[in-house]
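Hi everyone, thanks for coming.

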Amino acid sequence: MPPPLDQPAMAGSSLSGQSGIAGVQGSQEIPGLARNWCFSASKIAFWRRVFVVEGIFWYGLPAPEWTTIKRVNARDSWVLYFLYAPDGKLMPYHAYALSRLRDLGANVLVICAARTASLVPPELARYADALYWKALHGYDFSAYRIGLMEIARRSAGADVLLMNDSVFGPFTDPIRALSACDWDLAGFTASSEIENHIQSYAFRIRNVAPARMRALRAVLFPVACLDRKDDVILIQETRMARIASASMSVGSLWYGASMQAQNPTLYRPAELVNAGFPFLKRSLSRMNPANKLMTHALLERHHHPLPD
């Protein structure tokens with residue numbers, strides 16, 4: 001059983017009238033990263049616009065099938081957690097994340113991707129207030145669409161923290177970390193790679209309702225999905241903040257403001273965790289021996305199971 005979640009001090013005042021960072025230490029600056037960043041759109045190259053149209057046309061698939069196991073009901077807030085368990089095996093990092101969220105008293109909606117609905121791990125029922133199966137194709141954005149549509153229908157007006165299983169953690173309270181942010185769409189980190197965007201491993205959307213879903217349908221496709229990683233990144237993740245900004249306020253706790261730290265979660269992982277950041281990208285442990293050692297040290301500090 002992991003120890004209680006850390007509760008770093010709340011930060012002070014922030015930029016552009018936004019509230020300070022809750023759950024992330026406010027005194028520590030990280031080279032190359034800007035704090036409390038309000039979204040500003042990048043200039044969009046013509047090839048990007050062409051690629052979006054062609055990518056959806058050539059590589060779009062029908063939206064994945066899905067099944068309700070335990071239905072969403074009306075709550076003020078939800079954490080939507082997407083996990084990938086094709087053969088029905090719950091991994092240690094899944095159990096860690098879900099136990100943390102349960103300890104926080106969060107209302108947890110789990111979307112589990114498995115080969116069949118019968119393979120959804122039965123132990124998920126211990127953690128999940130709502131539980132859905134989806135077919136394997138479609139990556140996280142197809143799961144986000146399913147969960148958000150169910151919330152918009154059955155729990156309209158709820159605030160939703162979305163997370164996927166590409167990260168270890170949370171080590172600190174992710175709900176508290178964003179609680180003082182006034183943005184309608186709030187990210188933990190934002191990147192300037194490709195174009196300015198909120199990174200989609202974890203972010204919050206306020207007041208999820210049918211109107212929000214209509215505003216996001218250009219990235220949360222109603223009847224289609226993408227099943228190649230690069231297509232999801234280029235067409236969905238990197239466009240989400242720009243699409244949302246037409247009708248919502250958008251910002252992030254951290255922004256990769258320099259060429260040396262365009263992707264904060266990969267270029268400044270230890271500094272972020274040391275500042276109270278809740279997550280660590282799982283891909284770091286596979287990048288090189290130095291990153292693997294660093295990842296293991298940070299996981300051990302937070303009593304997180306180590307990857308194989």
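This is a predicted model: local features need pLDDT of at least 70, side-chain atom pairs count only at pLDDT 80 or more; totals for chains, interfaces and linings use all residues.

Residues are numbered from 1 along each chain as its sequence is written, and side-chain values use heavy atoms, with hydrogens and water left out.

Let's begin with the spaces. The search runs on a 1 Å grid over the protein atoms alone: a cavity is a set of points where a 1.4 Å probe fits but cannot get out, a pocket is an open set with protein on both sides within 12 Å along at least five of seven lines, and lining residues have an atom within 4 Å of a point. Points are joined across faces, edges and corners, and a volume is the space filled by probe spheres set on them.

The largest pocket comes to about 940 Å³. Its lining has 32 residues, and Tyr139, Asn164, Ser166, Lys229 and Lys281 are the closest to the centre. Two or more lining residues come from each of strand E4 (77–84), H3, helix H6 (229–244) and helix H7 (264–267). These labels are DSSP runs numbered from the N terminus, with helices (H or I) of at least four residues and strands (E) of at least two. H6 gives the largest share, 5 residues. By class, this lining has 12 nonpolar, 11 polar and 9 charged residues. Here Ala, Val, Leu, Ile, Met, Phe, Trp, Tyr, Cys and Pro are nonpolar, Asp, Glu, Lys and Arg are charged, and the others, including Gly, are polar.

How many cavities of 30 Å³ or more does the whole structure hold? The search finds 1, and the largest cavity has a volume of about 50 Å³. Among the residues lining that cavity are Tyr201, Phe277, Lys281 and Leu284. Helix H8 (269–274) provides the largest share of the lining, 3 residues. The classes here are 9 nonpolar, 1 polar and 1 charged.

Now for the helices. H3 runs over residues 139–154, and its 16 residues should span 22 Å at 1.5 Å a residue; the end C-alpha atoms are 24 Å apart, which agrees. That expected span is 1.5 Å times one less than the number of residues. Is H3 mostly enclosed or open? With 13 of its 16 residues buried, H3 is largely enclosed by the rest of the structure. Buried means under 20% relative accessible area, exposed over 50%, and partly exposed in between, using a 1.4 Å probe and protein chains only.

In H1, the buried residues are Arg48, Val52 and Gly55. Seen down the axis of H1, they fall within an arc of 75°, so they line one face of the helix; the arc is that of the directions from the helix axis to the C-beta atoms. Phe46, Val53, Phe57 and Trp58 are exposed on the other side of H1.

Last, the backbone. The peptide bond from glycine 169 to proline 170 is cis, with omega near 10°. Asparagine 36 has a positive phi, near 45°, in a residue other than glycine. This asparagine 36 sits in strand E1 (residues 33–38) and counts as buried at 6% relative accessibility. Isoleucine 194, also not a glycine, has a positive phi of about 70°, and isoleucine 194 is partly exposed at 47%.
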